[in-house]
Amino acid sequence: MNITKDIQYVGVDDTDIDLFESQYAVPEGVSYNSYLILDDEVAIMDSVDRRRCDAWLARLTDALAGREPHYLVVQHMEPDHGGSIAAAMERWPEMKIVTSVKAAPMLKQFFGAMDFTDRVIAVKEGDTLSLGRHTLQFIMAPMVHWPEVMVTYEQTDKTLFTADGFGTFGALHGNINDLRAWPDEARRYYYNICGKYGQPVQALLKKVGALDVQRICPLHGPVLTEDLGYYIGLYDKWSRYEAESEGVLIAYASIHGNTATAAHALAAMIQQQAEGTEVKLIDLCRTDVSVAVAEAFRMGRMVLAASSYDGGLFTPMYEFLHRIQIKGYKGRRVGLIENGSWAPSAGRVMKEMLAAMKDIDLVEPMVTIRSTMQPTDEPAMKALAEAII
Ligand code: FEO
């Protein structure tokens, strides 16, 4: 599958993976991208998860058409990309690994039985590698998403290989230009995988901003060839933790449905008070947490509605708040609804967890309902609707 005359896509789909990183639902699968640059010397850009090692090696062997690869460029050691490094080294014993100085020690950590003597070229910022007509320029991208990550600019075809950056969930099914995963699955990938690392992403965007980039080749999802400003602009916004919508996310965790009823009532009140405002309801008990995390970052405002549980907070809400906190959630307006039949405790825990996040504007009043929402709760609910918008 040609990207340019000399650059081919040799990645593979994984459509029977249950959970990405053993934690995120990927109903549409995921792709492990890999690229081949055919020149006087031949370079492979990254390997793939060992789950698809055989398919990748077969695809590569076919694309090589009898040639031997000189280099395997390893931009990221995480096993969804680095998992087949040893298998490729065994297949092609003359091939060298080209990777960052920080990644080199990790090779032994992951593949202790492999002999790396004289087979590793460790590169640093700005180093180049000529393949003939093509020259690879290495740009360090620490913490996008691990410390050893680098990206690679191919100077002749002006192609930027971006490791996890600009990746999406979703298999490609042979269509490397299928952009349906953008922006939703790219956003879900970004916030859940790289979300904590906004500053490093900003630093990388500044560095690559000086380059003439004609296409972006990530390690998951489609190759980007047009409107690059749009995709780079979204990455800039996401890594600044800026909202895309001034709408309201109402995220609820309801044990028996009564807290859910209150959440839906609030949504109706917001829409009545501010017609046209985007309001999105998410049932945290029945939605993959990665979707809820991405929506929390997309929206500028959020109301949390949760049941009390064991003297604390119902666990799906606890899990959600923990997730957004570790991903760096900040700078948002947040309202609260708690439910408790005898000693409401959800509000206290939600406040404590929100206090660990930066620049959260907690709006009043917090609404406390007792078992079910009553007509007497309506004034407080309306006040919360007004306050959040
Ligand atoms: Fe797609 Fe950080 O691995």
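These notes cover selected helices, strands and residues of a predicted model.

1. The six-stranded sheet. An open sheet of 6 strands runs in the order β1-β6-β7-β8-β9-β10. Its pairing is mixed. The edges are β1 (7-9) and β10 (120-123), each of which pairs on one side only. From one strand to the next, the twist averages 20°.

2. Inside that sheet. Strand β8 (residues 71-74) and strand β9 (residues 96-100) run parallel and are joined by 4 bridges.

3. A helix across the strands. Helix α1 (residues 53-64) lies across β1, β6 (35-38) and β7 (42-45). The helix runs at about 20° to β6.

4. The parallel strands around β16. Strand β16 (245-253) is mostly covered, with 8 of its 9 residues buried. It pairs with β18 in the parallel sense over 7 bridges. Ala253 has Ala306 of β18 as its bridge partner. β16 also runs parallel to β17, and 5 bridges join the two. Here Ala251 stands opposite Ile282 in β17. In general, strands of a sheet pair through backbone hydrogen bonds, either parallel or antiparallel.

5. Helix α9. How much of helix α9 (residues 289-298) is buried? The count is 9 of 10 residues, so the helix is largely enclosed by the rest of the structure. The buried set is Val289, Ser290, Ala292, Val293, Ala294, Glu295, Ala296, Phe297 and Arg298. Note that Glu295 and Arg298 are on that list. The buried residues pack against strands and helices: β4 (24-25), α5 (184-194), β16, β17 (279-283), β18 (299-309) and α10 (315-326).

6. The α6/α7 pair. Helix α6 (residues 198-208) packs with helix α7 (residues 228-239) at an angle of about 145°. Their axes are 8 Å apart. The crossing is left-handed. On the α6 side, the contact uses Gly198, Val201, Gln202 and Leu205. On the α7 side, it uses Ile232, Tyr235, Asp236 and Ser239. By class, that gives 4 nonpolar, 3 polar and 1 charged residues.

7. Ser31. Buried or exposed? Ser31 counts as buried because its relative accessibility is 0%, and the cut-off for buried is under 20%. The residue lies in strand β5 (residues 30-32). Its side chain makes a polar contact with the side chain of Asn33, at 2.8 Å. Beyond its neighbours within four places in sequence, Ser31 is in contact with Tyr9, Val12 and Asp13, with Gly170, Ala171 and Leu172, and with Leu219, His220 and Gly221.

8. Glu21. This residue sits in the loop between β3 (19-20) and β4. Glu21 counts as partly exposed because its relative accessibility is 31%, between the limits of 20% and 50%. Its side chain makes a polar contact with the side chain of Gln23 (2.8 Å). Which residues does Glu21 touch, not counting those up to four places away in sequence? They are Glu78, His145 and Ile193. Glu21 and Ala343 are 322 residues apart in sequence. In space the two are 38 Å apart, C-alpha to C-alpha.

How values were computed. Residues numbered from 1 in each chain as written. Predicted model: local features only at pLDDT ≥ 70, side-chain atom pairs only at ≥ 80, totals over all residues. Heavy atoms only, no water. Axes fitted to C-alpha atoms, helices over the stretch in contact; angles between N-to-C directions. Left-handed = near helix turned anticlockwise from the far one by under 90°. Contact = heavy atoms within 4.5 Å. Nonpolar A, V, L, I, M, F, W, Y, C, P; charged D, E, K, R; others polar. Buried < 20%, exposed > 50% of the residue type's maximum accessible area, 1.4 Å probe, protein only. Polar contact = N/O pair within 3.5 Å; in protein donor to acceptor, adjacent residues only side chain to side chain. Pairing = 2+ DSSP bridges.
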